Protein chains: 2
Amino acid sequence: MSEARSRLLGTAGELFYSDGIHAVGIDRVVAEAKVTRATLYRHFPSKDDLIVAYLTQADGAIRERVETARTESAGPEDVIRAVSRFIADDIQRDGFRGCAFLNAAAEYPDPAFPVHQAVLRHRQWFLDTMTELFTDLGKIDAEPAARHFVMLRDGAMAAGCLTDPKPVCDTFLRGVEGLLTYRSREPASASS
Amino acid sequence: MSEARSRLLGTAGELFYSDGIHAVGIDRVVAEAKVTRATLYRHFPSKDDLIVAYLTQADGAIRERVETARTESAGPEDVIRAVSRFIADDIQRDGFRGCAFLNAAAEYPDPAFPVHQAVLRHRQWFLDTMTELFTDLGKIDAEPAARHFVMLRDGAMAAGCLTDPKPVCDTFLRGVEGLLTYRSREPASASS
DNA sequence: TGGTAGATAGAACGATCGGTCTACTTGAGA
DNA sequence: TCTCAAGTAGACCGATCGTTCTATCTACCA
């Protein structure tokens, strides 16, 4: 990857993430990346392509971290804890602004739009990965457990940038522990 | 409230909610509300005021529904179930596009901005209300339980417009039932 | 009868949007 | 040595952004 391209992708990522996608114009990306407009359009045919590249990059970084957790952990339960921990660390880190994918989906609600589809692909991968982990853990209802985990994660990511992140992380990690502790028990059935 | 103003607020709400706030220009609101630009600016000094009015309206509607649930239900547990049910109903209704407040916060991340502050006010009220309900229920750790509830809600609202809403609602309602069932039990402690 | 508030209609403002264009420079490979 | 891709610099495009303006009409109330 060329020097200019990576600088472009880096600053675009920072700006889109921290200020929102619609709120950041091409001019600002170009100026802060110290690159000319022509260079941007040489690498990315349109702003939409730049946005998708931004999300693809974020997706890759997360997959990498999950992969690292999988290879470095003893068993599936440890992997789930490691993933939970880096989610909590993310939430508490400076400049945390929520989930890049949920934020992008909020700005691009049209399912036919490439940006929205990039969000769906990432989320499907994450749900599948968590389902695998809960299956490895021997859970009977692995998929509901994975959905529960993802729901807690989404809630924590959404709330973590709106109030004090500390109690949000505590609630999240407690919820995950509950999910792991009561894993052999069949939860009470929902309505009807 | 004048006829033109309520039409304005109604269509602005629909458009902002379904397409995103930045994506909807004043021209479109004016056109679809069948109102002139001058009329809009007579009622709302700026677009930002219109956005805040939109969120205030949504906030009022939710408070009303929670109040109804409180008066019509037998006890705090029933109220929590009623609130959960209308959240689930919302998620499954046609045109559901997530939480208006979380979506707005994604577009307006600056905490100093009035739109962002309107989101925070609504969320604080909701957390306080849920804490009250869990307190009434006799829970020792009412606030953590309320935080857990809100986290599930946020996750469900975020995911409900990205995939099939049915399993999302099931997971949410199961989580709430778990929260109510294991209410007397001290959850496993989190990390450290 | 006169005044005023609220609405219509539509032109116009400067700023910014995403995107295209020409002209020139640089550096590495065939 | 020639070529060509990648970069800089910056003017320029039409469209849209949020906002303001003048002018006219209508309905109600003092």
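How many nonpolar, polar and charged residues does the surface near DNA strand D have? By class, there are six nonpolar, five polar and seven charged residues on this surface, where Ala, Val, Leu, Ile, Met, Phe, Trp, Tyr, Cys and Pro count as nonpolar, Asp, Glu, Lys and Arg as charged, and the others, Gly among them, as polar. The model is predicted: local features need pLDDT of at least 70 and side-chain atom pairs count only at pLDDT 80 or more, while totals for chains, interfaces and linings use all residues. Residues are numbered from 1 along each chain as its sequence is written, and chains are lettered from A and ligands numbered from 1 in the order in which they are written.

Nine helices and zero strands are found in chain A, giving the pattern α-α-α-α-α-α-α-α-α along the sequence; helices (H or I, at least four residues) and strands (E, at least two) are DSSP runs, numbered from the N terminus. The C-alpha trace of chain A spans about 60 × 35 × 35 Å along its principal axes. Of the 192 residues in chain A, 38% are buried, that is, with 20 or more other C-beta atoms within 10 Å of their own, the C-beta atoms being placed from the backbone. Among the contacts in chain A with a separation of 6 or more, 61% join residues 24 or more positions apart; two residues are in contact if their C-beta atoms, placed from the backbone, lie within 7 Å.

Two helix pairs show how the helices pack. In chain A, α5 (residues 76-92) and α9 (residues 165-181) pack at an angle of about 170°, with their axes 9 Å apart. Axes are lines fitted to C-alpha atoms, for helices over the stretch in contact, and angles run from 0 to 180 degrees between N-to-C directions. The two helices α5(A) and α9(A) are therefore roughly antiparallel to each other, the word for angles over 145 degrees. Their contact includes Ile80(A), Ala88(A) and Ile91(A) of α5(A) and Phe172(A), Leu173(A) and Val176(A) of α9(A). By class, ten nonpolar, two polar and two charged residues make up this contact.

In chain B, the axes of α7(B) and α8(B) lie 8 Å apart at an angle of about 125°. These helices, α7(B) and α8(B), are therefore oblique to each other. Residues that meet here include Phe126(B), Met130(B) and Phe134(B) in α7(B) and Ala142(B), Ala146(B) and Phe149(B) in α8(B). This contact of α7(B) with α8(B) has nine nonpolar, two polar and one charged residues.

The chains also touch each other, with 44 residues from chain B and 43 residues from chain A in the contact. On the side of chain B that touches chain A, the largest share, twelve residues, comes from α8(B). By class, that side of chain B has 21 nonpolar, twelve polar and eleven charged residues.

Finally, the DNA. Around DNA strand D there are 18 residues, of which Ser2(A), Ala4(A), Gly25(B), Ser46(B) and Lys47(B) come nearest; a residue is near a strand if its C-beta atom, placed from the backbone, lies within 6 Å of it. With four residues, α3(A) gives the most to the surface near DNA strand D. DNA strand C is surrounded by 18 residues, the closest being Gly25(A), Ser46(A), Lys47(A), Ser2(B) and Thr39(B). Here α3(B) gives the most, with four residues, and the surface near DNA strand C divides into six nonpolar, five polar and seven charged residues.

Note on methods:
A residue is buried if 20 or more other C-beta atoms lie within 10 Å of its own, exposed if 12 or fewer, and partly exposed in between; C-beta atoms are placed from the backbone. Angles under 35 degrees count as roughly parallel, over 145 as roughly antiparallel, 65 to 115 as roughly perpendicular and the rest as oblique.
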